[in-house]
Structure formats: C-alpha cells, structure tokens
Amino acid sequence: MRSPHDIAEAGNSLKSPDFGLAEKLKSKTARVGVIGLGYVGLPLLIALDRAGFPTFGFEIDQSKIDALFRGESYIRTVKHEAVQQLIAGQRFVGTTDEKRLVEADVLIMCVPTPLNRYREPDLSYVVSTAEMIGRNLRPGQLICFESTTYPGSSAEDVIPALETSGLKASEDFFFVYSPEREDPGNIAFETATIPKVVGADDDISRELGVLLYGNTVEQVVPVSNTKTAEAVKLTENIYRAVNIALVNELKIIYDRMGLDIWEVIDAAKTKPFGFTAFYPGPGLGGHCIPVDPFYLTWKAREFGLHTRFIELSGEINRSMPHFVVARAVEALSRHRKQSLAGANILLIGLAYKKNVDDIRESPSLELFEMLEHGGAIVEFHDSYMPTIPSTREHARLAGRKSVEWDAETLKRFDLAILATDHDGMDWQLLVDNVPVIVDTRNALASYSGNAEILKA
Ligand SMILES: NC(=O)c1ccc[n+]([C@@H]2O[C@H](COP(=O)([O-])OP(=O)(O)OC[C@H]3O[C@@H](n4cnc5c(N)ncnc54)[C@H](O)[C@@H]3O)[C@@H](O)[C@H]2O)c1
C-alpha cells in the first residue's frame, strides 16, 4: 500500500482536480485498459482501439492473451481480422501481470457476475478484481465497472475494495458504472453503435466517463449516480425475462386451445404501437437473462420486498424444457408407437441462442440430461459447438461430440428436437430424413418433407 506521503506527492505533481485526464481523453492519448477479455471485454477493447485510444488488456487466462498476439479470436462473434487489426495497430498492450495496471489511465472491469449454487449473486470475481486494482491503483486513474449487478453494488462492494489502496474515490481516483449492453451474434448492432449509459457519484467522474465513452460509441446517456445506472441494466434484462416468460406461458395455453402462438405474435406485432414482439422457446439461456433478474431479487430482500414478477417468470422459463420433453414423449408415442426409453434422439443446437457458440445456462443442456434420464439415447448437432466443454452443472456431458449433418447420419434418429436455429442450416435435409421433429423455434414453418413436425 502507498504511504500518504507518496499519494500526496503524486497528487501534487498533477495540478488539475481531474489530474489532467480529461485532456488525455479528449486527445485520445489516455491508455484505456480492459480487465476480463471475454464476450463483453474483447469487443469493447476492439471498439476502443478503433476509436483511436492506446489500449491495455488484462486477463487471468494467459491462453487468451497468447491467442490475441497470434492474431486469433477465441470468440466466434469476434472476427479474427478484428483481432489482427488490433495487433497490427501496435497500440495494444496485453498482459496477465497485475503490476502493469499502473500503465493504464483508465481501467474498465468486465469480469463475470454469476449466481452461486444458492442462486444468490456471486461477486467474488468483481471484488477480487477490485482488490487487485486497489493493490496497484495510482492517483488520477478512472475505474469503470461494466459487469451487470444490483443497485448499490458499486458503492457498497467495489469502491470500498478499490479504497483498500488508501486512495479515496472522487478525490484521488474516479469511478463510473456503465453497464454493458453487448448482444453477441446481433449483426444489426456492435459495441460502437449501442448507446452507453454512464452513472457516477460525482461530477468529475461523470464528465470523464462521458468523455471516454463519447469518444468510443455513438451515443452516451449520463445518469445521476451509479445506483441508477445499475438499475437501468437490471430493468432492461428483467423486462426481457418477464416478457419471454409471458409468451412461453401463452404458448402452452394457446397450444392446448389448438392455436399457434407464432401466428398470433406475427399478427399482433402489426399493431404499430403498444406491442413489442417477444418469442417463445425451449427455455432461457445465456449469462444474462436467466441470471441478472435474481440480483435484484436478492437485493430487494434487504428492503423487505419480494420480486414476484421475477420469481414467477423464472419459474415459467425454467419449466419450458419439461414442456418440450413432454411434447417429444407424445410425438414418439403417437407417430412411432415408441417410448422415450431406447429412442434415438437428435438434439439440434446446444448454444442458448442462434449464431453464437455460448452454452452458458443453455436449456439444451437441460433437455439433454432430462432426455437421457428418461432412457433416450441422445446425440447432438451444433455447427458452432463441435465438442461440449466442461460446465459446472452438466459436467457429465463434457467431451460429447457433434454428429455430422448428412442424410446417412440423420436417418439414424427416431426423433429430432430443434432447440436452436443457427442460420445457414440445411433444414430440408432434416425434414427429409428424420421421421418426427419437435420444433421449438418455428424454424421449419415453411418446410415440408417426410417428417411429422410438431411445435413446442
Ligand atoms: N455476454 C453477454 O452477452 C453480456 C452482455 C451484457 C452484459 N454482460 C455482463 O458482462 C460481464 C462479463 O460477462 P462476459 O459474458 O464477458 O463474461 P466472460 O466469462 O465471457 O468473460 C469474463 C472474462 O474475465 C476473465 N476474468 C475473470 N476474473 C478475472 C480477473 N480477476 N482479472 C481479469 N480477468 C478476469 C475471464 O477469464 C474471462 O475471460 C458480466 O457481468 C455479464 O453479466 C454480458
């Protein structure tokens, strides 16, 4: 830890209250560091480089830094060429050495915020990262926190960990919370074209945050404090989780009534106001939507409040794989006079959504386990995921390999469940070669062939 004397010395040598950082951000000479180069951190790093900032990447996983310097992307939705441009620009420093954090003028934290096994917020990555920054913090640095979290987390968890340095927030260093809104696989938007919300608890920090992000993305939306910015992000994801649960519930009801939810939504969305289309599916997946709402649930308890909408939507969304399995059992018995036990089932798409290679919280893994538990012989195909990596909750599936996508292979199956509809798939081959298909994405609506197609 630095002595008060060192801190005073460093502070005195830089006269302005912002330690000259505003000028460095305006002239894009400030070195901007990203901590945690995952789905969020890597695209952000590339956007900062493209904006003209010298950049700095810190990772605990050395293999990611090595891949970057070889010009390789380890995230499917980030192109190798984008990484090659980053390296060729020669403005990027990448390291696993925490001592080098002092080289950055700005440090942006993009580390995971999962739930623990009791479905409570796990801030261990965030707090240990903030403590690590604290060990290396110098006066005048701007710390930005982007991970999704509950209102109050910056002030109660992160800033105190940074202040173990002996430096004081809003005086010796600056702090903003700016939630990441990355949507991997969405080709309509990239980091630079998604507006960025910036919250700070003092004016200088907010001004620095607006300068940083204003130089990197097209639109910045300043809000009055870190808590508000934290609530903005949770509100966005809770809105999604609740609306997806609503259409999932409507799907089951309409199905029983003999109605097609997809046709209903397509017609409803022609209303030019007051209706936003959300679509049903086999359940919720990804690092965000199934997880983030429960950060608020946990925090609300401190205020003696229950988040009934959030709990209910979690319950509905988590029950969707049961609906899909029930439909598969019904389809096997009706069309194949067969039970689940011993049936050869092809699960199509392991990723939690189309065109990504991310299986975190994917309902496909849940389906896989449920079907095998019922005695089915399950194999999968996912062009984005040749082998199932090890996961905490589905460890026994690790190492299974995607089967080929050809007529001979498809003919081996009694039934297929279409869980994720990656673009570019030859669906005609599927409907021509598998006798029964349960389609959870309405991907086969315009196809016909030898198969019986049931929606679920
Ligand atoms: N993935 C998304 O689509 C998305 C979208 C919006 C917001 N978010 C939020 O962004 C945050 C990060 O998510 P992600 O999907 O990028 O996670 P990720 O797991 O892809 O990446 C996190 C990275 O941080 C690294 N890391 C962990 N601890 C570290 C430490 N102490 N120092 C340095 N690196 C460390 C990991 O090795 C990993 O590379 C989460 O809070 C998430 O909720 C994610």
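The side chain of Asn-442 makes a polar contact with the side chain of Lys-455, at 2.9 Å. A polar contact here is a pair of N or O atoms within 3.5 Å; within protein, one must be able to donate a hydrogen and the other to accept it, and residues adjacent in sequence count only if both atoms are side-chain atoms. Asn-442 sits in the loop between strand E12 (436-439) and strand E13 (452-455). Helices (H or I, at least four residues) and strands (E, at least two) are DSSP runs, numbered from the N terminus. Leaving aside neighbours within four places in sequence, Asn-442 is in contact with Trp-262 and Lys-455, where contact means heavy atoms within 4.5 Å.

A word on where this comes from: the model is predicted, local features need pLDDT of at least 70, side-chain atom pairs count only at pLDDT 80 or more, and totals for chains, interfaces and linings use all residues. Residues are numbered from 1 along each chain as its sequence is written, and side-chain values use heavy atoms, with hydrogens and water left out.

Is Asn-442 buried or exposed? Asn-442 is buried, with a relative accessible area of 17%. Buried means under 20% relative accessible area, exposed over 50%, and partly exposed in between (1.4 Å probe, protein chains only).

| Residue | Relative accessible area | Class |
|---|---|---|
| Thr-226 | 2% | buried |
| Asn-442 | 17% | buried |
| Arg-119 | 32% | partly exposed |
| Lys-337 | 71% | exposed |

Thr-226 belongs to helix H9 (residues 226-256). Not counting residues up to four places away in sequence, Thr-226 touches Ser-154, Phe-175, Tyr-177, Gly-199, Ala-200 and Asp-201. Arg-119 is in the loop between strand E4 (106-109) and helix H6 (124-136), and its phi is near 60°, a positive value in a residue other than glycine. Lys-337, in the loop between H12 and E9, also has a positive phi, near 50°.

Now for the ligand. It is surrounded by 25 residues, and the closest are Val-40, Glu-59, Lys-64, Thr-113 and Thr-129; a residue counts as near if one of its heavy atoms lies within 4 Å. A polar side-chain atom of Glu-59 lies 2.3 Å from an oxygen atom of the ligand. For Lys-64, an N or O atom of the side chain is 2.6 Å from a ligand oxygen. The side chain of Thr-113 likewise has an N or O atom 2.6 Å from an oxygen atom of the ligand. On its own the ligand has 830 Å² of accessible area, and the protein covers 92% of that.

What about the inside of the protein? The largest nonpolar core has 38 residues, and Leu-25, Ile-108, Leu-142, Leu-212 and Tyr-213 have the most contacts inside it. Such a core is a set of buried Ala, Val, Leu, Ile, Met, Phe, Trp, Tyr and Cys residues joined through side-chain atoms within 4.5 Å. Helix H3 (residues 41-51) gives the largest share of this core, six residues. A second, separate core of 37 residues includes Val-111, Ile-143, Ile-159 and Ile-310.

Finally, helix H13 (residues 363-373): nine of its 11 residues are buried, so H13 is largely enclosed by the rest of the structure. Among the buried ones are Leu-365, Phe-368 and Met-370. The buried residues of H13 pack against helix H12 (308-336), strand E9 (344-348), strand E10 (377-381) and strand E11 (415-418). After H13 comes Gly-375, whose phi is positive, near 100°.

Notes
Accessible areas come from the Shrake-Rupley method with a 1.4 Å probe; for residues, only the protein chains shown count as cover.
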